[in-house]
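Notebook entries follow on what I looked up in one chain. I kept the order in which I looked.

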Amino acid sequence: MFFFTLYSMGLRLSEGLALKVADIDAVRKREHVRDSKGNRDRRVPLPAATLSVQRRFWTTHRNPELMFPNRLGGLKGEHAARTPLDWGGLQKTLQSGG
C-alpha cells in the first residue's frame with residue numbers, strides 16, 4: 001500500500017512517510033504534501049484508485065493521525081502509533097526489489 005501510494009502520486013519516500021489522514025482531500029481528489037523539496041507544501045492529484053485503496057487500508061489500522069503508522073506494537077498497536085513506518089525498513093525493501 002505504501003509503495004502503491006508513492007508510485008501513483010509521484011511522492012518521495014519522506015513525503016509518503018509524512019502523510020497524515022487529515023491531508024487527504026477526497027472531495028477535491030488531492031493530498032496535501034507537507035515539507036516537500038525546498039521545505040514547501042504542495043497539493044498532489046489523488047487518483048481514484050489510490051483513494052479507494054487508502055480508505056481500505058485505513059480501516060485495517062484506524063490510526064486517527066498517521067496514514068502509514070509504525071508497526072512496532074504489532075498490527076494491533078497500529079491504531080495508537082505516534083510515529084510513521086520505519087525509514088530503514090522501507091529502504092531495505094526497495095533495495096531488495098520486494
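**Sheet.** I looked up what isoleucine 24 faces, and it stands opposite glutamate 31 in S2. The model is predicted: local features need pLDDT of at least 70, side-chain atom pairs count only at pLDDT 80 or more, and totals for chains, interfaces and linings use all residues. Residues are numbered from 1 along each chain as its sequence is written, and side-chain values use heavy atoms, with hydrogens and water left out. Helices (H or I, at least four residues) and strands (E, at least two) are DSSP runs numbered from the N terminus. S1 and S2 pair in the antiparallel sense over two bridges; I count two strands as paired if DSSP finds at least two bridges between them. The open sheet has three strands in the order S1-S2-S3, with antiparallel pairing. S1 and S3 are the edge strands, each pairing on one side only.

**Aspartate 23.** I then asked where aspartate 23 sits, and found it in the loop between helix H2 (13-17) and strand S1 (24-25). Is aspartate 23 buried or exposed? Aspartate 23 counts as buried, because its relative accessibility is 4%. The cut-offs are under 20% relative accessible area for buried, over 50% for exposed, and partly exposed in between (1.4 Å probe, protein chains only). I noted a polar contact of 2.9 Å between the side chains of aspartate 23 and arginine 34. Such a contact is a pair of N or O atoms within 3.5 Å; within protein, one must be able to donate a hydrogen and the other to accept it, and residues adjacent in sequence count only if both atoms are side-chain atoms. Leaving out residues up to four places away in sequence, aspartate 23 touches Ala18, Arg30, Glu31, His32 and Arg34. Contact means heavy atoms within 4.5 Å.

**Helix H1.** Which residues of helix H1 (residues 2-9) are buried? They are Phe2, Thr5, Leu6 and Met9. Seen down the axis of H1, these buried residues fall within an arc of 100°, so they line one face of the helix. The arc is that of the directions from the helix axis to the C-beta atoms. I listed what covers the buried residues of H1, and the cover includes H2, strand S2 (30-33), strand S3 (42-45), helix H3 (48-61) and helix H4 (87-96). Glycine 10 follows H1 and has a positive phi, near 70°.

**Aromatic pairs.** I found three aromatic pairs in the structure. Phenylalanine 2 and phenylalanine 3 form one that is edge-to-face, at 5.5 Å centre to centre and 75° between the planes. Rings of Phe, Tyr and Trp (its six-membered ring) pair if their centres lie within 6.5 Å; planes under 30 degrees apart count as stacked, over 60 as edge-to-face and the rest as tilted. Phenylalanine 2 counts as buried at 5% relative accessibility, whereas phenylalanine 3 is partly exposed at 29%. The rings of phenylalanine 2 and phenylalanine 68 have centres 5.0 Å apart and planes at 90°, so this pair is edge-to-face. Phenylalanine 2 lies in helix H1 and phenylalanine 68 in the loop between H3 and H4, so the pair ties together parts that are 66 residues apart in sequence. Both phenylalanine 2 and phenylalanine 68 are buried. I noted that ring pairs link Phe2, Phe3, Phe57 and Phe68 into a cluster.

**Positive phi.** I looked up aspartate 35, where phi is near 50°, a positive value in a residue other than glycine. Aspartate 35 is in the loop between S2 and S3 and counts as exposed at 55% relative accessibility. Arginine 62, which is not glycine either, has a positive phi near 50°. I placed arginine 62 in the loop between H3 and H4, and at 48% relative accessibility it counts as partly exposed.

**Whole chain.** I recorded four helices and three strands. From the N terminus on, the elements run α-α-β-β-β-α-α. The radius of gyration is 13 Å, close to the 13 Å that the globule rule gives for 98 residues, so the chain is as compact as a globular protein of that length. The radius is taken over C-alpha atoms, and the rule is 2.2 Å times the number of residues to the power 0.38. Along the principal axes, the C-alpha atoms fill a box of roughly 35 × 30 × 25 Å. Of the 98 residues, 34% count as buried. Of the contacts with a separation of 6 or more, 41% are between residues 24 or more positions apart.
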